[in-house]
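Here are my notes on the model you sent.

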Amino acid sequence: MHHRIPKQSGAAFAVDRGATFSVATPEGRQVADLVAFVRGNPAEPFSQAYTRDLNGRLRITTGDALYTTAGEPLLTIVADDCGVHDILFGPCTEWMLTDRAHGRGVQNEPGGCRENLALALDAIGVDRPVPDTMNVFQESTVTGQTYFDVRESPAEPGDAVTFEASRGAVVAVAACSAKGVASGPSLGPIDLQLPDGTAVHGASIHEEGAAER
Ligand SMILES: [Zn+2]
């Protein structure tokens, strides 16, 4: 089944072990922030740091796994049209979009992916802090072995990444709210392809409360 996450929104859903789902950028360039938790044990979330460590890579693509804080594979990338995804940066968040310019410009908007992911996770019953994200379709580059920065996303319209659940998982995805280098000056939606019958809990900090759709 198809589910569209509107721009500047998030959605959460559960997947069974062995099930697959995909995250697509229908208009291209738009980045999607993704987190996941072990289903039934939200105290064991996706770990961006251990995912870098256990893959021995600063980027992950087909064949690579997203690992948990316990070092166990949770999701595995089984297909990838884009091949460029960030596991260095955290999700955009309130202070980043309102208070801190740092040369990125200030949007003066209430919250970002961290807030949208938190709302979506709350709607599906996961009351845990939002871990650092896999930023799907975001290009980050390390230079001089010291500095890292964000580049324009190379994702083409319709590019998708397909994940297989290595264990039962609760997943949350946000259509990134940060205007700028990665997603560009105008923000767009993110499309999910999910197993038929999946219940999707959508939420946006831009709407009143955590409305379910
Ligand atoms: Zn974001």
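Which strands make up the open sheet of six, and in what order? Point 3 answers this.

1. **Basis.** This is a predicted model: local features need pLDDT of at least 70, side-chain atom pairs count only at pLDDT 80 or more, and totals for chains, interfaces and linings use all residues. Residues are numbered from 1 along each chain as its sequence is written.

2. **Overall build.** The protein chain has three helices and 14 strands. Helices (H or I, at least four residues) and strands (E, at least two) are DSSP runs, numbered from the N terminus. The C-alpha trace spans about 45 × 40 × 30 Å along its principal axes. A compact globule of 213 residues would have a radius of gyration near 17 Å; the protein chain has 16 Å, so the two agree. That radius is taken over C-alpha atoms, and the globule rule is 2.2 Å times the number of residues to the power 0.38.

3. **Open sheet.** The order is β1-β13-β3-β11-β7-β6, with antiparallel pairing. Strands pair if DSSP finds at least two bridges between them. At the edges are β1 (2-5) and β6 (65-67), each pairing on one side only. Neighbouring strands of this sheet are turned by 25° against each other on average, direction ignored. Here axes are lines fitted to C-alpha atoms. Within the sheet, three bridges join β3 (residues 20-25) to β13 (residues 190-193). Val23 stands opposite Leu192 there.

4. **Strand β4.** Six of the seven residues in β4 (residues 32-38) are buried. Buried means that 20 or more other C-beta atoms, placed from the backbone, lie within 10 Å of a residue's own. Seven bridges join β4 to β12 (residues 169-175), antiparallel, with Phe37 opposite Val170. Three bridges join β4 to β8 (residues 134-136), also antiparallel; Ala32 faces Val136.

5. **Hairpin.** β4 and β5 form a hairpin with two residues between them. Gly40 in the turn has a positive phi of about 90°. Val38 stands opposite Asn41 in β5.

6. **Core.** The largest nonpolar core holds 61 residues; Ala12, Ala32, Ala36, Ala120, Val171 and Val173 touch the most other members. Such a core is a set of buried Ala, Val, Leu, Ile, Met, Phe, Trp, Tyr and Cys residues joined through C-beta atoms within 7 Å. Leaving out residues up to four places away in sequence, Val171 touches Ala12, Phe13, Val15, Leu34 and Ala36. Contact uses C-beta atoms placed from the backbone, within 7 Å. Across the protein chain, 46% of the 213 residues are buried.

Notes: A residue is buried if 20 or more other C-beta atoms lie within 10 Å of its own, exposed if 12 or fewer, and partly exposed in between; C-beta atoms are placed from the backbone. Two residues are in contact if their C-beta atoms, placed from the backbone, lie within 7 Å. Axes are lines fitted to C-alpha atoms, for helices over the stretch in contact, and angles run from 0 to 180 degrees between N-to-C directions.
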